[in-house]
Amino acid sequence: MIILQAWKQLVREWRSGELYVLFFSIVIAVAAVSSVSFFTDRVQRALGSQANELLGADLVLNGANEFDAAYFEQAQQLGLSVVKQVTFPSMVMSDNGSHLAWMKVVEQGFPLRGQLGISDGLFKPEVKTNEIPAAGQVWIEPRLLSALKLNINDTLHIGALALRVTALVTSEPGRGGDMFNIAPRVLLNYQDLAATQLIQAGSRVRHTLLIAGDERAVATFQTFVRKQNAFGVSMQDVRDARPEVKVALSRAEQFLGLAALTSVILAGIAIALAAKRFAQRHLDHCAILRCVGATQSYILKIYLWQIVFIGLLASLTGAAVGYFAHELLINMLGSLVGVNLPGAGFSPVIFAMATGLVTLAGFALPPIIALKNVPALRVIKRDLGNINASRILSYGLGIGALSFIMIMQAGDIKLGIYMVAGAIGAVVVLIACAYLLLFMVRQYRPKVSSPWYIGLRNLVRRSNSSIIQIVAFGLGIMALLILAIIRGDLLDEWQASIPSDAPNRFVINISPDQVPAMRVFFQENVSKVPELYPMIRGRIIAINEREITSDSYEDQHAKQMLSREFNLSWAEALATSNTIVEGEWWQAKQFDAPLASIEKSVAENLKIKIGDSLRVKVAEQFFTAKVASIREVDWGSFGANFYVLTTPGLMRDMPTTYMTPFFLADDQYEVLNKMVERFNNVTVIDVAAVMSQVRMIINRVTLAVEYVFMFTLLAGVMVLFAGIQSTLDERMVENAIMKTVGGKKKQLLQALWAEYLCLGALSGLIAALLATIVSWVIAHFILKMPMPLNFSIWIYGMLGGAIGVSIFGVLGSAAAIKQPPMQILKKISLS
Amino acid sequence: MNNRIMLENKSNPLLKVKNLSKTVTSPGGELTLLQAMDFTINRGESVAIVGPSGAGKSTLLGILAGLDTPSTGEVNWLEQNIFALDEDGRAQLRGRMAGFVFQSFQLLPSLTAIENVMLPLELLRVDNPRETAQEILSKVALAERCDHYPRQLSGGEQQRVAIARAFVVRPKLLFADEPTGNLDSVTGGKIIDLLFEMNQAQNTVLILVTHDKSLADRCYRRLQIDVGKLTELVETIGQADS
């Protein structure tokens, strides 16, 4: 019954036009948030699935034993594609000799993501294929062809089987995880596995399942695997496999989250302002209802239902508008978006609607709960029962609600919390500055009153409204400026972090005696001579004399780290892509001391602290080192990075090979020919694919942020509109009275300009200051990248604020000046 | 007791005021708005509360209508002390028994004329509110303007809507605060005529605050207030004899 009455009243109010401002504020706010979320969500998922091409699957399971039927049944139920793969080392033979090779036996369908690249001769052009070697055939890595002096179509003996070499593998999804495997690759068909007779009990074999399909199904499957908790089974996705991609993807998510957050802030301000106006305009409504017999609980219920109705309807409309707007833009951008974006998900709708509903409830409920206390006597004495809206506390609910939404929307709790703290800090600073401005204007008493002075006095007279306007404009401009900083400086910085001549190849397996010759080779053949790094394969076997294996840890990452050898190195100086976060790097006099430096994630996963002693096994030798420092490594740098570094003296005599990252332009392919000819034991690893993946991620994100910027600007204009509307009623009355006592239109207009110029310039200036601080904090602590100081933001902020706010303000309030005073005064007597 | 003037008519009391006073605390100390007063108003009577600005007329009207609370004393509507009820109880009682007409009309700007009149009926959950509202709007000669918003009506028309809204629940008591204050004398005169016509037709008690001597003269009784004191009571010829 009461629902029906609330609905009826709402329909009546709608017809009268009273609800338009509130309704459209929510619609535009929700549309901005939803369109931004739709877009960022889809780009983000596209990035993820593209990156999965590097892995060859969406998810990889590794185990020491064959996977039992339960895994296949579960995958089938979930509609996932599964391909089996077995890898193991084995000697392979040709008529010219034998060589250790790394077998990869795969089923038809491999890889599930991306494509194999093959060629039909050394350094012939690469062809992409969806096939795998037919039964009876093998595809091998080029250097095995050189090492065994084979030709295409020659025979290769693997175990008990003779197979024909029909192609060379030039690129292979899934190679990422173990790119430093020294032995060259041999790819053969699963059907041939049994006939090789190589798999015996006790063989060192890794069984792998490649999984791909719908992301929710993959996530369900992951949960299933975790529940199985099978011995020795580990899971891997692309983030585990490629640190560069992991860094790029999480940074991409942060950028997109940040961009979406700015639209939430703007939406929140606009809805808050409109909700406040809604409550203010319903004061009389409440008093009259009380007068004609409505109880407090009736009034409360009626308004609660109305809020629910408006919120739901406007949010739904907004989500629909947002959906179509983002579709339209994707169509307009067309090929620029490049990849086939996955279908729109439902989560943006929920987020956007929650933004609308929660913000509306948070900001509209406190004044509406206060509305029920409006005394009926207000019908006689109008000054009774005004809602004092400047009290921050009464908006605690709204601020809390909006903060919650922001943290959820950020997708990264730390980022969300930083932004919320930034926004709340900004509100406090803005309020303080607003008070300071009002105080200063109060002190200013010129001898002759000018329209400027009248304008400034107006600010003081409506001090509560002025403070709210400064906060709303300031916060809005701040959000836009943060986005501008991200769009300009921070994205540029990210792009610049991978220069065009960043290393795109690694040469590994250089023997110590080849090092001088290799240096000369580089000097003769490439423009930028790279540094050669020692590389030692080893395992940590004990911490503080307590033995550890992969079973000592619950954590998946720790298990993975201990399940295989990883790369160690020794160094005299710290590489530029490394930063010491704890402890100290060794000095020259300590070069022979048994000290180690550990990468931060290894230290965290294996729970290693400064001062711990580590026992490391390298081939059949052992050494013990004390942890002297913990390093943060910029994995996005495409340099030579190592989990464990030691002093030179400690590992100099261990079995060492050398490696180096270097840059090779596309047209310098013959340099690789020469290198393999001269140093036939080395392996060249092409990371250009990974690099182009990272570049692609950066470009997509840049585009997405551009897009978001357009929408956020629109939301900014709405904040401006709502902010101006918020004082329109008061202004109408004031201007009518000023006119009746002889104020000229020109004077009033000048006063209006003065007022809004001052509001806009002040909000813009403080916003620029705050945006610089918040962006710097986010760049430094979350994106972990430097932020160049850009003072043009200050000029944009102040000028943009002054010009934007004053033009919109004067245009939006012009009606208050143009209308004949009698009309307005009559209106007041009505309301 | 000198200043306390009793108005007693035991025959048919509808509104009874006992020992009513109102004081407020102001920065300058305690301020007495209304001094102790007792009086009774009977069915069918019309009463004008008159006095200079700031005398406490509106305060008295607010308390009599249960919109405000007194510091001491009782106001009984049909033997029910309205201040024994809580705020919501009074609101419900008002919905059933009282109607209001104000100087500033107090129509809801977002509702049309007929919707404004329907409002109290809807709160009382009366059947067919639209027909009833339509009927009473015809009585105040606004049948043609039912779907107009207040901003589309003249001041006199708005006050007629307000009167229709006040009488639509067939109230026993009608409170009016300067009902002609915002109207020119010709329109004001017509509104007064309408108010008294409805008052007679429904046998309602009419209590109004006014500065308008001609309006006060048309009332059956007059309560004069000076600085919170009920100093003079004049029984006029009133509309009862006219």
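These legends go with a few close-up views of a predicted model. Local features need pLDDT of at least 70, side-chain atom pairs count only at pLDDT 80 or more, and totals for chains, interfaces and linings use all residues. Residues are numbered from 1 along each chain as its sequence is written, chains are lettered from A and ligands numbered from 1 in the order in which they are written, and side-chain values use heavy atoms, with hydrogens and water left out.

**View 1. Where chain B meets chain A.** Chain B brings 36 residues to the contact and chain A brings 32 residues (contact means heavy atoms within 4.5 Å). Together the two chains bury about 3,100 Å², with 58% of that on carbon and sulfur atoms; buried area is the accessible area (1.4 Å probe) that two parts lose on being put together, summed over both. Between chain B and chain A there are 6 residue pairs in polar contact, both residues at pLDDT 80 or more. For a polar contact, a pair of N or O atoms has to be within 3.5 Å; within protein, one must be able to donate a hydrogen and the other to accept it, and residues adjacent in sequence count only if both atoms are side-chain atoms. On the chain B side, the elements that each supply at least two residues include helix H2 (87-97), strand S6 (98-102) and helix H3 (113-123). Helices (H or I, at least four residues) and strands (E, at least two) are DSSP runs, numbered from the N terminus.

**View 2. A salt bridge between Glu122(B) and Lys8(A).** These two side chains sit at 3.7 Å, N to O. Glu122(B) belongs to helix H3 of chain B and Lys8(A) to helix H1 (residues 2-16) of chain A, so the pair joins two chains. The rule asks for a side-chain nitrogen of Lys or Arg within 4 Å of a carboxyl oxygen of Asp or Glu.

**View 3. A cis peptide bond at Pro111(A).** The bond from Phe110(A) to Pro111(A) is cis, with omega near -10°. Look for Pro111(A) in the loop between strand S3 (97-106) and strand S4 (116-119) of chain A.

**View 4. Asn509(A) and its positive phi.** Phi is about 70° here, although Asn509(A) is not a glycine. You'll find Asn509(A) in strand S12 (residues 505-510) of chain A.
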